Amino acid sequence: MRDETERLQAALLFCLLADAKVISLPDTSRADFSERNFKYLLVAPAIFVLLLVGVFPLIYLLLVSFQGITMTETATDFIGGENYAALLDDTRMWESLMHTVIFTVIALPIELVLGLAMAQLFLDKLPGRQVFIALLVLPVVVSPIVSGATWSLMFNHRFGPINQIVEFLTGNDSAILWTINPSLVYPAILAAEIWQWTPFMFLLLLAALANVDKSQLEAAAIDGAGWWRTFFRIVLPAIWPVMAIAVLIRGLDLFRLFDIVWALTKGGPGTMTETISIFTYVKGFQQFETSYTAAVALLVVVLLSIVVMLALKRVQLSR
Amino acid sequence: MKDHSVVLRRPGLRKGLLLSIVTASALALSGAAAAQSAAKTAVEAAKKICAGKTITIVWEAGLQSLDPTQFSGPLWEKETGCKVKVVEVPTAEMFTKIMQEFRAGTGAYDALNVIPAWMPDLVQAGALEQLDSYVDKYKFRDELKGIAPTYRDNQMTVNGKIYGFPDDGDVFVFYYRKDIFARADLKKAFKEKYNYELAPPKTWKQFDEIGSFLTEKLKSEGIYGGSMFREPGYGNFMFQERFRTEGGKFFDSNMKATINSAVGVKVLTEWRAENRFMPPGVEKFGFVENLATFLKGQSAMTMSWPPYGRFAAGYLANEKALDWVPKSVIAGKVGYTLPPGGHPELAAGFALSVASTSKQKEAAYLFIQWLNSEEISTKRVKLPYALRDPFRTSHFKDPEYAKLWPDAKDYLKALQAGADTGLLDLSLIQTDKYEEAIRQGVSRLWAGEDPKKILDDMAKQWDEVTKKVGVEKQKAVYDAWAAKSGAYPK
Amino acid sequence: MLTVSQRQALKTGLRVAIAVFITILFLFPIYWLFMISFKTADEIYSFPPKWYPGQIHFDSYIVLFKDGDAETVWNSFVVAGSSTVIAMFLGTICAYSLARYKTGGEHLANWIISQRMIPPIAVVFPIFLLFVWLKLVDTYLGVILLYTAFNLPYVIWMMRGYIMDIPRALEESALIDGCTRWQVIWKVVFPMSRAGLFATAIFTFVFAWNDFIFALVLTRSEVTTYTVQVTHYFGGQSNFWAKISAMSVLGTVPIFIAVAFMQRYLVRGMSLGAVKG
């Protein structure tokens with residue numbers, strides 16, 4: 001315990017030093033003195049909060065990942081890159097990364113397309129639109145833990161309605177075990193996840209679509225442009241900044257998928273649906289492999305950073 | 001006539017007499033103190049040291065917490081002036097929260113509820129306070145002896161030192177429908193087919209035969225021969241029990257895992273085969289799904305912790321806290337016995353401990369001594385919403401308890417038999433990693449994988465963990481555990 | 001053939017039909033959850049499953065209020081609401097700076113979004129240590145601070161996108177008209193990005209609202225939030241489904257009302273044209 005506090009104080013010192021580094025970036029504006037102050041003033045409070053809560057954990061993770069702390073070992077001696085070496089051999093960890101990628105790559109496009117379609121549907125006046133939109137936000141507001149548990153109950157063979165409906169539609173009476181059958185676990189989890197987060201894309205894109213310049217659309221209509229052309233030529237470029245960021249955010253969040261999978265399968269059967277967050281949870285929270293999970297977390301950050309940087313380079317955000 | 005006054009007038013003798021009178025009274029008083037109940041001792045000591053202060057105790061969230069928030073906490077405050085703050089933590093997060101607060105040295109928790117299987121890890125990490133000196137100071141040794149031997153000898157100490165007081169008699173009880181087993185038509189047909197009397201199964205083979213027979217005969221009435229909870233968390237306990245009663249050993253003399261032996265394969269194969277006569281979807285049954293099925297009369301046999309027995313009997317079913325329990329239609333029709341194999345798992349359980357980083361260790365200790373004492377624990381296990389099951393020899397013999405419902409006497413007998421023959425949860429360093437392997441194996445079993453493959457993977461995982469902990473180190477802990485009376489069936 | 005207005009009516013009718021279908025699909029699990037809050041234990045675990053309760057009774061809700069559990073919903077509101085307001089304000093002005101002045105260039109923006117790449121589970125313990133040191137464990141301030149920091153990257157990046165959608169010309173003309181830079185933000189940027197503000201605010205709130213892992217570790221008993229409280233009802237030997245669903249209902253209804261009132265900012269039909277002028 002002693003070690004933790006001392007380590008914390010050392011790290012905070014690091015923070016203050018790092019702090020200085022981050023702010024003094026090259027000044028790219030040719031504006032005058034007060035404008036420069038103004039723009040820094042705008043970002044300062046946000047950066048301060050982020051630094052306060054964000055930098056220390058990263059430094060902690062960095063330091064700890066080179067130590068050998070486990071449930072039983074609290075010595076803070078540095079053991080070099082042992083954790084990282086072990087990481088490379090850990091098939092379970094890499095598999096969980098793969099599972100996470102699979103979830104992300106399948107759910108994200110579906111949520112995007114569905115959300116876009118729904119946004120388009122509700123864009124113009126519609127009787128009862130107010131009620132519809134408010135209702136459609138509800139899935140996101142239900143705590144993921146509760147929604148996972150609800151879906152679990154719904155998928156339950158005896159006490160849930162889903163199998164009832166399936167039997168009604170197909171006339172087939174066999175026991176469908178959504179959360180145990182290896183071929184059904186992924187669809188089950190994806191169904192719950194897409195259900196919960198499509199409204200997110202829906203709302204974000206609705207706001208973006210609402211801002212599309214109406215005059216441009218009217219001009220295109222007069223010119224006789226069909227719906228698809230209008231969409232690709234005018235709408236898409238207009239909502240692109242928001243859409244790209246929504247995809248980015250949702251993608252990053254999907255990568256942290258935990259609650260729904262935990263509630264439905266706990267990462268099972270075996271470790272078949274284990275995501276990287278579940279892996280980190282089990283190793284870090286339950287088994288207290290503190291140093292090892294720190295290394296894993298940093299690996300995830302690095303991997304994600306690379307992917308995002310590459311993606312951002314190719315995608316032009318500003319017009 | 002001797003002049004006694006002469007004797008008293010002699011100073012030396014006077015002193016001697018005074019001394020002996022004082023000594024005699026002291027002896028008499030201390031004798032009285034020793035005879036004073038541990039509960040009283042705790043109350044009086046606590047009055048002196050913690051009046052007005054608050055101690056924090058970590059407790060399992062939900063039904064369990066009603067004990068300290070509704071009953072024992074307020075009562076303790078009334079008697080001693082010491083306040084109790086209950087921090088409710090979901091079961092799955094208890095270990096995490098305790099370790100994190102310990103690692104950060106916050107001292108936020110004073111007293112703890114710990115699952116005995118965690119004790120080696122917690123003690124190794126230094127999170128639990130050693131209690132021997134307090135036990136002697138407050139004369140609790142006598143009452144500690146009154147805890148049923150299985151719990152007392154197996155869930156209280158690590159390396160011979162006391163770290164927690166067993167406070168919950170968790171044991172698997174086998175429940176069956178007396179009325180179904182008494183039906184003459186069924187008995188006759190069964191005897192004809194299998195050549196032995198229809199009775200609660202003594203072996204798992206019998207369980208399979210009886211279960212499939214009953215399902216065949218009673219399915220039209222909506223009753224299945226049996227149901228069990230299958231979720232991996234519970235499956236872990238059931239595997240540990242069944243594997244050992246079928247003769248399996250966890251490790252060999254070189255500390256290599258032997259769960260993938262022929263016994264292991266037999267257990268997994270037969271276990272899965274039983275699903276065929278159970279309600280469809282049984283693979284997903286948890287505690288409550290199984291309970292609902294049994295209470296609604298839809299299964300003839302099941303196995304679970306003691307609360308099932310109380311819920312089935314409809315004991316204080318109208319209690320607000322129990323309104324999540326489906327109504328029992330089988331009250332009075334339930335029999336209790338040992339599970340097939342004759343050695344039930346003492347699954348989970350709870351012990352009361354003191355956190356090593358607490359700033360009020362003495363006050364925390366006195367509270368848990370009081371909770372665990374004969375006088376108070378007897379009351380606590382009879383609380384209508386309690387999940388604390390009888391764990392003291394006196395509980396099993398409590399005439400008040402036996403009156404709670406018509407079959408309560410048999411219930412207590414079954415609990416005691418379970419305590420006498422029970423098997424301990426495996427408890428090593430990093431127990432959770434071993435249990436995790438079992439849990440994963442169970443989930444793969446229900447998913448349809450080959451038992452031998454599953455067990456081979458499990459054994460491999462176990463060996464990896466052992467290697468990481470250190471074979472010699474773990475062997476020492478395992479040998480100590482295996483030496484306990486409840487480790488393997490005699 | 002159909003007239004223009006008839007075709008229009010058909011289109012609208014079709015849209016309504018699709019809207020209803022989608023809504024039913026999305027609402028079904030919520031309906032199931034809500035119904036549970038009215039069912040008895042027998043009905044929840046009945047086979048075949050019951051689609052509606054025999055009787056609507058509000059016992060579960062009453063119990064939640066009596067036991068004080070409902071208070072945790074309020075805690076969640078306070079914590080999520082405060083952090084949303086703060087994050088929206090600080091984040092939007094920061095986003096403006098990033099969008100218009102490209103402050104800090106790519107590095108700053110990327111550093112900000114990288115905060116969201118860290119698995120929360122990995123940082124929860126160091127943050128716990130930090131809070132222990134700052135004496136913020138189990139306090140409102142601590143949790144609000146955390147959620148604000150947690151959501152800032154999201155707000156900043158989303159609002160940067162929405163702000164980039166607003167034509168610069170408006171702000172420049174406002175400046176020429178004599179507005180100070182602050183006034184430009186208040187009078188032009190905020191109103192113009194109202195839709196984006198609202199959409200972002202909803203989810204900023206939701207992210208804080210739904211958080212479990214930080215709330216679990218950083219609170220003990222003083223600032224219990226609704227997500228943590230709900231997990232108390234899932235036990236190894238008990239499942240208080242009625243409480244779980246009643247709590248969820250308590251948590252969702254107010255948001256529903258809030259969104260219903262403010263959804264007009266999200267959709268077309270507002271006189272945005274007037275501002276564009």
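In chain C, eight residues of domain 1 are in contact (heavy atoms within 4.5 Å) with nine residues of domain 2. This is a predicted model, where local features need pLDDT of at least 70, side-chain atom pairs count only at pLDDT 80 or more, and totals for chains, interfaces and linings use all residues. Residues are numbered from 1 along each chain as its sequence is written, chains are lettered from A and ligands numbered from 1 in the order in which they are written, and side-chain values use heavy atoms, with hydrogens and water left out.

**The two domains of chain C**

- Domain 1 of chain C covers 4-62 and domain 2 covers 68-270; such bounds come from an automatic or database domain assignment.
- Their centres, taken over C-alpha atoms, sit 29 Å apart.
- Together the two domains of chain C bury about 810 Å², with 79% of that from carbon and sulfur atoms. (Buried area is the accessible area, with a 1.4 Å probe, that two parts lose on being put together, summed over both.)
- On the domain 1 side, C:Leu33, C:Phe34 and C:Tyr61 supply 50% of the area buried against domain 2 of chain C, more than any other three residues.
- You'll find zero salt bridges across this chain C interface; that would take a side-chain nitrogen of Lys or Arg within 4 Å of a carboxyl oxygen of Asp or Glu.
- There are two residue pairs in polar contact between these domains of chain C, both at pLDDT 80 or more. (That's a pair of N or O atoms within 3.5 Å; within protein, one must be able to donate a hydrogen and the other to accept it, and residues adjacent in sequence count only if both atoms are side-chain atoms.)

**A threonine in chain C**

- C:Thr103 counts as buried because its relative accessibility is 1%, and buried means under 20% relative accessible area (1.4 Å probe, protein chains only).
- The side chains of C:Thr103 and C:Ser97 make a polar contact of 2.4 Å.
- Leaving aside neighbours within four places in sequence, C:Thr103 touches residues from chain A too, including A:Lys39, A:Tyr40 and A:Val43.

**The two domains of chain A**

- Chain A is split into domain 1 (2-65) and domain 2 (92-314), and each gives six residues to the contact.
- The area buried between these chain A domains is about 490 Å², 82% of it from carbon and sulfur atoms.
- A:Leu61, A:Val64 and A:Ser65 lose the most area on the domain 1 side, together 74% of what that side buries.
- Zero salt bridges turn up across this chain A interface.

Methods
Buried means under 20% relative accessible area, exposed over 50%, partly exposed in between (1.4 Å probe, protein chains only).
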